[in-house]
There are 2 protein chains.
Amino acid sequence: MQQSISQAPPIEMKAQSAAPQHLFAGVDIGGTNLRIALSQADGTILARTATTTVGIRDADQIVALIRDGVLDLLAQTGHARESLVAIGAGAPGITNADTGVVIATSYLLGWRDVPLREKLEAALGVPAAIDNDVNAAAIGECWMGAGRESSDLVFLAIGTGVGAGIVLHGAPYRGASWLAGEIGYMLVPGVSTDPIRRGEPGALESMVGGEGIRKQWQALWDAEGSTLQRDLTATQIFEFAEQGLEQAQAILKQTARMIAFAIYNVSLVLNCPLFVLGGGVGLHPVLSQAVQAMLREQREGSQPTVVTSALGADAQMFGAIRLALYASSLPPA
Amino acid sequence: MQQSISQAPPIEMKAQSAAPQHLFAGVDIGGTNLRIALSQADGTILARTATTTVGIRDADQIVALIRDGVLDLLAQTGHARESLVAIGAGAPGITNADTGVVIATSYLLGWRDVPLREKLEAALGVPAAIDNDVNAAAIGECWMGAGRESSDLVFLAIGTGVGAGIVLHGAPYRGASWLAGEIGYMLVPGVSTDPIRRGEPGALESMVGGEGIRKQWQALWDAEGSTLQRDLTATQIFEFAEQGLEQAQAILKQTARMIAFAIYNVSLVLNCPLFVLGGGVGLHPVLSQAVQAMLREQREGSQPTVVTSALGADAQMFGAIRLALYASSLPPA
């Protein structure tokens with residue numbers, strides 16, 4: 001699995017490509033959304049589509065949606081089915097990238113030991129590669145995003161959940177049992193050290209995940225009152241912080257402080273120079289600035305660079321395309 | 001540098017070996033001690049020697065001591081100089097294993113950018129390999145010690161200093177600038193989050209390093225008084241804890257709790273199943289038991305295994321021998 005994520009020219013969006021060519025499908029399977037892109041080997045996306053998966057838990061149904069979507073994109077762009085070389089997919093759960101089995105996902109899909117790679121290969125007749133979605137995002141950022149100049153990066157997905165995808169020496173690092181980067185459970189100063197029961201959110205996630213930030217705002221609101229609403233999303237709070245509202249700034253600062261602690265700890269372990277923030281909460285640019293400022297305060301000497309994801313919600317899909325390239329025998333262009 | 005640390009038969013100490021053979025020298029350069037071993041490719045140590053380095057800071061003087069020691073061991077065991085195939089050394093500081101340069105050590109040696117590999121090769125006329133001493137210990141434990149059945153382990157050196165050596169997929173992981181595993185600075189619940197100035201001990205080290213434990217005992221002594229002495233070493237405190245003395249048990253528990261937090265955090269990042277405790281403080285068996293108990297409490301589900309180093313003070317030397325095998329073109333026996 002130690003293949004380097006090669007660098008490639010900048011992304012261009014093209015509606016149509018005339019020349020017959022080797023094409024790759026990248027799939028981002030979310031808890032509620034399915035996104036599919038058809039791409040050239042250099043990461044140029046020719047067409048894309050998205051659909052909801054709400055109410056659909058059956059893996060075969062999801063695979064049928066993927067197959068139909070990919071065939072549709074091929075038809076739309078005037079390519080024969082034979083142009084498709086390989087498919088890659090990011091799945092929202094613990095994924096064995098070697099055997100191609102999704103070991104477990106959250107309740108939204110409720111998958112257990114789904115041989116997704118095999119199902120995709122059977123449905124489309126091409127090689128497939130799968131990985132965890134956060135790993136896919138890290139791979140995507142390293143290939144086409146904020147880590148294009150780097151062979152080592154940590155992608156921090158901060159949304160409802162909190163987790164990290166790790167690329168070391170140009171290759172995804174997944175851990176002994178596919179659980180590397182599970183930093184939503186990290187114990188940093190200020191989090192609860194109460195024992196965690198199965199299925200409960202981790203200590204760090206409870207503080208800096210979307211729900212955690214929301215609850216902290218509500219606690220502050222209950223204690224101090226505010227001219228703002230009691231029910232705000234993390235993104236709204238960050239926007240108020242940007243506008244200079246003190247209470248929102250306090251929540252932003254506290255969130256940034258804990259994320260900085262976590263990045264600091266991960267950086268001590270891995271000595272990785274680049275951290276990329278993504279996910280619904282992590283994408284807000286004000287957060288990476290605040291985190292970087294906190295890191296500078298923590299210790300004299302060089303600190304890792306913290307940036308916002310360059311690919312945004314597309315990070316996982318680009319990673320999935322890169323996985324498709326891994327699955328094929330073709331090198332990335 | 002991605003060579004696997006192969007497994008080998010159990011260690012036997014032999015005073016003498018009759019057959020002419022390929023021999024390897026392993027060197028553990030400490031802040032105050034220099035230890036040298038002459039070994040077969042299977043890790044069987046034929047002879048060893050140790051000397052003090054107190055008052056010696058000059059790298060060329062240390063290299064001369066190493067050369068004399070190795071030649072002496074060859075002579076002692078009746079081997080020609082030509083039997084020596086390669087030499088490996090662990091150095092107490094930041095070490096570039098690729099270029100063979102010791103970038104910086106603590107004040108005891110005070111080295112800056114010392115081309116140690118080159119100097120060793122010039123002195124002995126054989127290939128040399130060098131690494132940081134904690135990395136060497138991790139390599140040693142994985143080859144011949146507590147990690148013989150594992151391809152992934154984290155060696156935690158807990159002594160005056162606190163740091164970790166990491167082996168992933170059978171190869172040492174050293175980080176982008178040779179600083180991986182610098183966990184003495186880790187921020188876990190209960191440590192100070194005050195900014196760290198250059199040269200100061202890290203937040204975790206201040207609590208669980210030898211000096212930290214000593215100071216915590218003194219603080220407890222000042223607050224509560226005790227029938228025991230005010231000045232005790234960490235090892236003495238752990239012994240009193242083993243004997244059932246409550247105050248000593250409180251210090252042990254607090255130390256184990258913070259080490260458990262750190263192991264938990266490292267384990268979240270790396271998903272590494274085995275942690276080996278070593279170093280003057282870490283070697284006390286009561287500590288690994290206490291840490292493992294704390295980990296079990298922290299979270300439902302599988303936790304990493306925590307064991308005491310099997311090689312003790314020899315871990316680094318065995319790692320250095322393994323480094324010598326890397327440096328040679330011969331596979332380990």
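## Helices across the five-stranded sheet

Helix α3 (residues 133–144) of chain A lies across β4 and β8 of chain A, at about 105° to β8(A). Helix α1 (residues 59–76) of chain A lies across β1, β2, β3 and β4 of chain A, running at about 35° to β2(A). Contact means heavy atoms within 4.5 Å. Axes are lines fitted to C-alpha atoms, for helices over the stretch in contact, and angles run from 0 to 180 degrees between N-to-C directions. Helices (H or I, at least four residues) and strands (E, at least two) are DSSP runs, numbered from the N terminus.

This is a predicted model, in which local features need pLDDT of at least 70, side-chain atom pairs count only at pLDDT 80 or more, and totals for chains, interfaces and linings use all residues. Residues are numbered from 1 along each chain as its sequence is written, chains are lettered from A and ligands numbered from 1 in the order in which they are written, and side-chain values use heavy atoms, with hydrogens and water left out.

## The sheets of chain A

The five strands form an open sheet with mixed pairing, in the order β3-β2-β1-β4-β8 (chain A). Its edges are β3 (45–52) and β8 (128–132) of chain A; each has a single partner strand, so one side of each lacks a neighbour in the sheet. The twist averages 15° from one strand to the next. Two strands pair if DSSP finds at least two bridges between them. Inside the sheet, β1 (residues 23–29) and β4 (residues 84–91) of chain A pair in the parallel sense over six bridges. Asp28(A) stands opposite Gly90(A) in β4(A).

A second open sheet has three strands in the order β5-β6-β7 (chain A), paired antiparallel. Its edge strands are β5 (93–96) and β7 (112–114) of chain A, each pairing on one side only. Neighbouring strands here are turned by 20° against each other on average, direction ignored. Two bridges join β6 (residues 101–105) of chain A to β7(A). Val102(A) has Val114(A) in β7(A) as its bridge partner.

## Leu38 in chain A

Leu38(A) lies in strand β2 (residues 33–40) of chain A. The residue is buried, with a relative accessible area of 1%. Buried means under 20% relative accessible area, exposed over 50%, partly exposed in between (1.4 Å probe, protein chains only).

Beyond its neighbours within four places in sequence, Leu38(A) touches residues including Leu23(A), Ile45(A), Leu73(A), Leu74(A) and Leu84(A). Leu38(A) and Ile321(A) are 283 residues apart in sequence, yet 8.3 Å apart in space, C-alpha to C-alpha.

## Helix α1 of chain B

The 18 residues of α1 (residues 59–76) of chain B should span 26 Å at 1.5 Å a residue; the end C-alpha atoms are 25 Å apart, which agrees. The expected span is 1.5 Å times one less than the number of residues. Buried residues in α1(B) include Ile62(B), Ile66(B), Val70(B) and Leu73(B). Seen down the axis, the buried residues of α1(B) fall within an arc of 135°, so they line one face of the helix. The arc is that of the directions from the helix axis to the C-beta atoms.

The cover over these residues includes β1 (23–29), β2 (33–40), β3 (45–52), β4 (84–91), β7 (112–114) and α2 (116–124) of chain B. Just after α1(B), Gly78(B) takes a positive phi of about 70°.

## Strand β9 of chain B

Six of the six residues of β9 (residues 153–158) of chain B are buried, so the strand is largely enclosed by the rest of the structure. Leu153(B), Phe155(B) and Ala157(B) point one way; Val154(B), Leu156(B) and Ile158(B) point the other way. In a regular strand the side chains alternate between the two faces of the sheet.

Strand β9(B) runs antiparallel to β10 (residues 162–168) of chain B, joined by six bridges. Ile158(B) has Val162(B) as its bridge partner in β10(B). A hairpin of three residues links β9(B) to β10(B). Four bridges join β9(B) to β12 (residues 274–278) of chain B, and these two run parallel. Here Ala157(B) is partnered by Gly278(B).

Most residues other than glycine have a negative phi. Asn271(A) has a positive phi of about 50°. Asn271(A) lies in the loop between α7 (246–270) and β12 (274–278) of chain A, and counts as buried at 10% relative accessibility.

His169(B) also has a positive phi, near 50°. His169(B) sits in the loop between β10 and β11 (171–173) of chain B. At 42% relative accessibility, His169(B) counts as partly exposed.

## The two copies

A rotation of 180° with 0.0 Å of shift along its axis superposes chain B on chain A (RMSD 0.0 Å). The copies are thus related as by a two-fold rotation axis. Superposition is by least squares on the C-alpha atoms of residues with pLDDT of at least 70 in both. Of the interface residues of chain B, 100% are also interface residues in chain A, so the copies meet through the same surface.
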